[in-house]
Amino acid sequence: MSRYIARRVVASLAIIYIVISLSFFIVRLMPGNAVSALESQLSVQGMTTQQIDAQVNAIYAVTPKAPLWRQYFTYIGHVLEGKLGRSIINQSETVLHIIANALPWTIFIVGTSLIISFVIGIAIGSALAALQHTRAAKAVSFVVSVLSSIPNYLVAIVLLYLLADIHPIFPTGAAYSVNVTVGFNIAFIGSVIVHGVLPIAAYVITSFGVWALGMKGSAVSVLGSEYVRAAESRGLSRRRLTQTYVGRNSMLPQVTTLALSVGFMFGGSIFIETYFSYPGIGYQLDQAINSRDYSVMMGCFILITVAVVVSNFLVDLLYPLVDPRIASPGGARSVADRRAEGTKAMPVGGSTA
Amino acid sequence: MLGGGLLTSPAEAAPVSAFNAAPYLNMGECCGWGSTWSYNPFSSAWPGQLNDLVYLPLAVQVPPSMTGFVPQLASSWQAQGNNLVVHLRSGLKWQDGSAFTSKDVLDTALLQGTEGNFNWSDFTNVTAPTPDEVVFTARPGVPMATLEQGVLIHRIFPASVYGSFVTPNLDQEEVAYYNEAAKNQSAASNSAAGKALSAVFSKLSEYSPKKLVGNGPFQLVNMTTGEIKLTKWDGFFDASKVQQPGIIFRNGSSNNLIYPWLIGNTTDFSNAYLPPTIISSLKNKSNWHVAIANSFEFNLLFNNKRYPFNLTKVRQAIAYVFPRATMVTATYGTVGPGAAVEPHPDGLSPWMEGSYLTPAEIKQLNPYNLDPAKATALLKSAGFHLSGSNWIMPNGKPFTLSIYIQSSATDVVQSMEVAVNALDSFGIQTTLLAIPGSEIVPDLETGTADMSWVTTVNLDPLLEFADVLGREGPNGGYNFPVLGTYAGDKGLGFGPVANVPGLGKVNVPNTIDTQAATVAPGKRMDQLVWDWARLVNQQVPYIQWENKLHQYAFSTTRYTDWPPLGKNGQATALWNDLSYNGNPGLLLMMEHGYIRPRA
Amino acid sequence: MRDLVSRLGAFWKDLWRLSKNDKGAMVGGAVVALYCVVAVIGPYVAHLSRVTNPADAYLPPSLAHPLGTGPLGQDILSELVVGTRPIMEVGILAALMTVSVGVVIGLVSGYLGGFADSVLMRVTDVFLTIPGLALVIVIASLVRTSSPVVLAAILSVTAWAGLARAVRSQALSLRESDFVEAARQQGLPLRNMVGRQLLPNVGPYVAIHFLLDVTGAIYAEVGLFVLGVVPISGTNWGIMIYLAMGQGALFTTKSMLYLFSPMVAIVILQVAFVFFTRVLDALFNPRLRVQ
C-alpha cells in the first residue's frame, strides 16, 4: 500500500513539474513571444527601458536578458516557492492572490453543479435501466441525449436571455451584490446563492445527461452479467439484488468518473464563467487571455492542472478503500488507466471535457 | 428600489443605507472593468470609472477649444513669465479628514513622473511655495497653452496615502532625469536618476490600498466584478449641486450585456455603442432618449514601406474604393445624424476641420467619394492590369490586401466586412483578420499587416497628426519608432523624409512631433494644420474612414432633468464634454445640477 | 486482404440491420451525411453576396431569403451553408489527427511493451491529466491562426491520450492472443503486425472514438470563436454567433434569427452525431445490442 502511494506521489509531482515547465515554454517560445509582448505593452504605457526590465522581472520572475536556461531555472524555483509573479494588468496584485480570490467561486459553482447533476443523473440513469423497454424511458432517454449533446455555452446564452434579460430574475456579472457585506450573514449567503443559480443551471442542464447515460449503460451491463444472473437464479429478492449487486457495482465506475470530473470541470468552467461573468478561475483565465496578461494566464493554467492532478491523486488514495483489489501491487493502476479504459461512448456536451 | 435590475431578488432588498429614498443612478458602463483591479490610481488596473467622481482633477478641459477649462481643485492659474502659477481651492478636505494642500499636487506630480506621466516633458521644475500655490516652470520652447493642457487635467491623489512613496531626493532626480531625457532617452534611463525613478515606481505600482480616500462628489462603498457602488460625499466643494444619492456602475464588459439592461429598463444610462436594431427598439420607448456626440477617429494605417502600398497611386486608389458611406450606415443605421457624418480623409475630425481650416480650404480637400472608375484609372497608370476580375500587380503577382482590426469591437468588424466586400468585388483579394486588441500594435509596428486599425482622439489638431505620423513616444505615433521594443521597426513606414505641402522636404516623424510639442493655438498652428491635412489627403499614408459617434442612451423613468439635446438628438456642449472627456464630462453635468431623481 | 474485405462487408450488413431498428440513429446518420454534403458542395451552391446593403438588414424570412437576412442585408441561409465547411473541416481533421496519433501510440506501445511502453505511457499520462480545454484555449490564443490544419492540430493536442491508453490495453491483450503469436513466429515486421493484425481488432472502438472526437472538436472550435480568442476571419457558425451576440441580435425579435440559425445548426449536428454513435455502439458492444 505504501509503495502504491509513493508511486502515485512521484507520478503526480512529475506531472506538475512538466506542466510548470510547459507553461514557461509556452510563454517564452510561442509565436508572439509573451515577454516581448509585455515589453511593448509597457513601452506603450510610456515606460523607460529601465522600468520595463524591472517590470518584466517582477511580473514573470525572470530576467529578460538572461540566457534561456537560467531564466528557466529561476522560473521553476520561483513557482515552487509559490511565487507566480505579478499580474501584468494589475501590478499591485500577485498572481497567487488573484487566483486565491477566484478559486472559492469556481469550487462553489463546480462542486454544487457536480453534486446536483450527479444525483439527478444517477437517479434518472437507474430509472432508465430499470424501465429500459418502456415508452417513457425511451422518451426520457431521447431528451437526455439531446440535452447532453448541446454545447454548454449555447445553453448559457439561452439561460441568460430567458432568466437574466427578458425576465431579470437572476443577477449575473458577479458572485454577490455590492449591497451586501461579505461575511457569514443571511444577506450575503442569499446573494451568493442567487448569483450562482444561472451558472449552476447551465452546468447541470448539459452534464446530468452524461451521468444518466453512463449510469444507465453500466447498470444495464451489470444486469446482464453472469453473477447477477446467478444471484437471480439463487432466488435472491429483487430488492436485495438491486441494492447489493446492481446498485453498488454499477455505481463504482460512476464514482470514479465523478472524482475525475472535479478537476476537468475546472477547465470547462471557462465558457460558463465567461458567459455569466462569474469571477472564478475560468473567467480569470479568459480575461487574462483577452488582455494578454500572461502571468495570470499561466498561473490559472497551472492551477487548473494542479487541481486535476490533486483530485486524481485523491481518487487514487480513496479507490483502494472502495475496491480492495487495487491495493495489491500488481493491481496498482492509476486513475489515468481507469479513466482511459472507462472511456465510453458518451455525448460531449462539454461539461466533463 | 435601490439600483434597479439586479436587486429584484428578496435576498438583496434588505441593506439600503439610511438616507436614500431615491434610487442610485444606475449606469451601464461600456467596456467595463476586468476581473482584477486595484484601488491604487498609479496602477494600470485602476478602475477608470472612479476617475473624477472620487479623485478630482485640477481642471476639466472643455472641447472643442484647446484653451477652455473649468476649474476644479485649482481655483485659478496664470502665467508669470516662464512659470505657470496654479492657485488651489482653499479649505478643501480629503475623505479621511486631512487637508488638501499643494503638497498633494507636488507629490502626485513627482510620483506620476516616475511612470512617465504628468507631462514632465512640458516643464523643467515644479515647486509648492505656499500650501495653496503650485508653480510649474515651462521647458524652453514649450508654449504656456501646451503647459496648461499638460498640467491642469491631472487628477490629484492624497499625500496622506501616497506621500510616503516620495523619496527624499525624488524632486531633484526627477528634474535631472527629464532634463536628460529631453536630449537622450536611453542615457536618461541608464542614469542614476533614471534608476532611482524606476525603484520608486516599482514600489508604488505594487502598493494595494484597501480603501479609497478621494475628495470628489462620491465615495466608494464597494466593488465587485459586476458592480461599483458609490455614495454621495457631502464634503465635496460643490456637494449642494449634486442630485444623486449615489451611483451604481454595472460592468458591461461586452456591449451585449448592456442591451438587455436598456430594453428591460434596469439601467438609467449607458455609454455603449448601440447598433441600429437597438437604436430603433429604444426609439419605440417613450422613456429612452439617445444623445449623439462626435468622438474619436477610426483610421486604417497602410504599411507604407511594403510594395505596392509604397505607391501613392495605389493608396489613393484604395481610398476611392472604400465605401465609407455604407460602412457608416452599417454601424449606425439611418437613425440620427450618424449617417450624415462622413469625414474628409484628411486626418482631422469634422469639428476640428471647422475650427482650424477655412471653408475655402476644406473645399480644396479631396473627399474621395466612392469612385471605382477613378481607382481603376489610378491602378492602370501605376502599371496594374485586370486579369478576369482580379487586379495583377506590375510584378505579375495578384494584388492582395490584408486588414487587421480589433475583434472586440463587433461594430468595426461589421463595417469592415462591408469594405472587404467592396474591395473584393473591385478585384483586390482582401482578407480581414479581427484579433484581440493588444496584438494590433505589434502587427502594425513589425509590418505583418498591410493595413491596421488605429484610433486617435485629441483636442490638439497637431497631436492628432503626430499620433499617427509621429514616432512612438509620449505622443504615441507609429512612424519609425525609436523607443521601446519596436525601436528600429518601420511601423507606418511613411517617409521618414517626404515632401509635405507648405513645408517642403522634411523628416516627417521628427517634424510633426516637434511641432505638436511646441506650437500653441494661433495662426501658425492653423497654417501647419492645413499643411498636414493636405499631406494626409493627397498622399494617403492612412485612411481616416469613420468618425466614431458616441451614443448615450438615457432613461427618464427614474431620473429626469438630463442635459438638453439639440435637434435630432445632436449633442449639446455638456454631452460633447462627456464624449471627449468621459468622466470629467459627467462631473460637469453633476456640478450643473443635472440628472435629478424623479420625485 | 480478403479477410478485411469480408469484415467490412459484415460490418455494413450489421450496421444497416441495426440502423433499421434504431430510427434515431438512422436519422442521426442521415443528418451527419447531409452536413458532410453541404460542407463539400456548400461554397459552390451558395454565394455570399459581395454587395452589402444595410438597408436590407434583418429582413424576415421570404422565398429569396428562407432564413431572412443579417445585419448587412446578407442572406443568412447562404452564410450558414458557406460556414459549414470550416466547422466540419476542422472537426473532422482534428478527429483524424486525434485518432491517428492515439491509435499509433497505443498500438506501438502495447505491441512493443517494456521500456518503450513505459515511456510512451508516461507521456500519455501527462496529456491525459492536462485539462484539454484550458490548454487548447491558451495555445489557440497565442498561436493566432486561421488555418484549419493548425487549428485542428491545436484542438487535438490532448484528445489523443485517452484513445492511446485504451488502444494500448486492447493491444496488450491481443498480443497474448494466438493469431498474433503465430504471426510473430512467422517473423512478420512490426508494421505488418500492427497494420494487419492489431488494427482491425481495435477498429470498432476507434470508429466510435472518431465520431465523438468530431463532436468534441466542433464544440471546442465553435467555443473558441464564441469566446473571441481566435482571429475572426471569413465566415463560420462560431463567427456568426460571436458577431450576432456583439451586435445585440439576441434582443430584438427581427434580428433573433441571425443568432439562432447557427446555434440551431450546431445543436442539430451535435445531436445527430451522438445518435449516430449509438448505432455503432450497439454494433460493437454485443451486451448493449441485446437491449
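Guide: Seven residues of domain 2 of chain B touch seven residues of domain 3 of chain B, with contact taken as heavy atoms within 4.5 Å. Keep in mind that this is a predicted model: local features need pLDDT of at least 70, side-chain atom pairs count only at pLDDT 80 or more, and totals for chains, interfaces and linings use all residues. As for bookkeeping, residues are numbered from 1 along each chain as its sequence is written, chains are lettered from A and ligands numbered from 1 in the order in which they are written, and side-chain values use heavy atoms, with hydrogens and water left out.

Back to the two domains. Domain 2 of chain B covers 74–206, while domain 3 of chain B is made of 295–379 + 434–548; the bounds come from an automatic or database domain assignment. Their C-alpha centres are 33 Å apart. Together they bury about 490 Å², and carbon and sulfur atoms give 63% of that. Buried area here is the accessible area (1.4 Å probe) that two parts lose on being put together, summed over both. On the domain 2 side, Pro143(B), Gln149(B) and Gln185(B) supply 51% of what domain 2 of chain B buries against domain 3 of chain B, more than any other three residues. Salt bridges between these two domains number zero, counting a side-chain nitrogen of Lys or Arg within 4 Å of a carboxyl oxygen of Asp or Glu.

Next, a hairpin in chain B. Strands β18(B) (residues 497–500) and β19(B) (residues 504–507) run antiparallel, joined by four bridges. Strands are DSSP runs (E, at least two residues), numbered from the N terminus, and two of them pair if DSSP finds at least two bridges between them. Ala498(B) has Val506(B) as its bridge partner. Ala498(B) and Val500(B) make up the covered face of β18(B), whereas Val497(B) and Asn499(B) are on the uncovered one. Three residues sit between the strands, and Gly502(B) takes a positive phi near 85°.

Finally, the cysteines. There is one disulfide over all chains, with a pair of cysteine sulfur atoms within 2.5 Å as the rule. Cys30(B) and Cys31(B) form it, with sulfur atoms 2.2 Å apart. Cys30(B) counts as buried because its relative accessibility is 16%, and Cys31(B) counts as exposed because its value is 53%. The cut-offs are under 20% relative accessible area for buried, over 50% for exposed, and partly exposed in between (1.4 Å probe, protein chains only).
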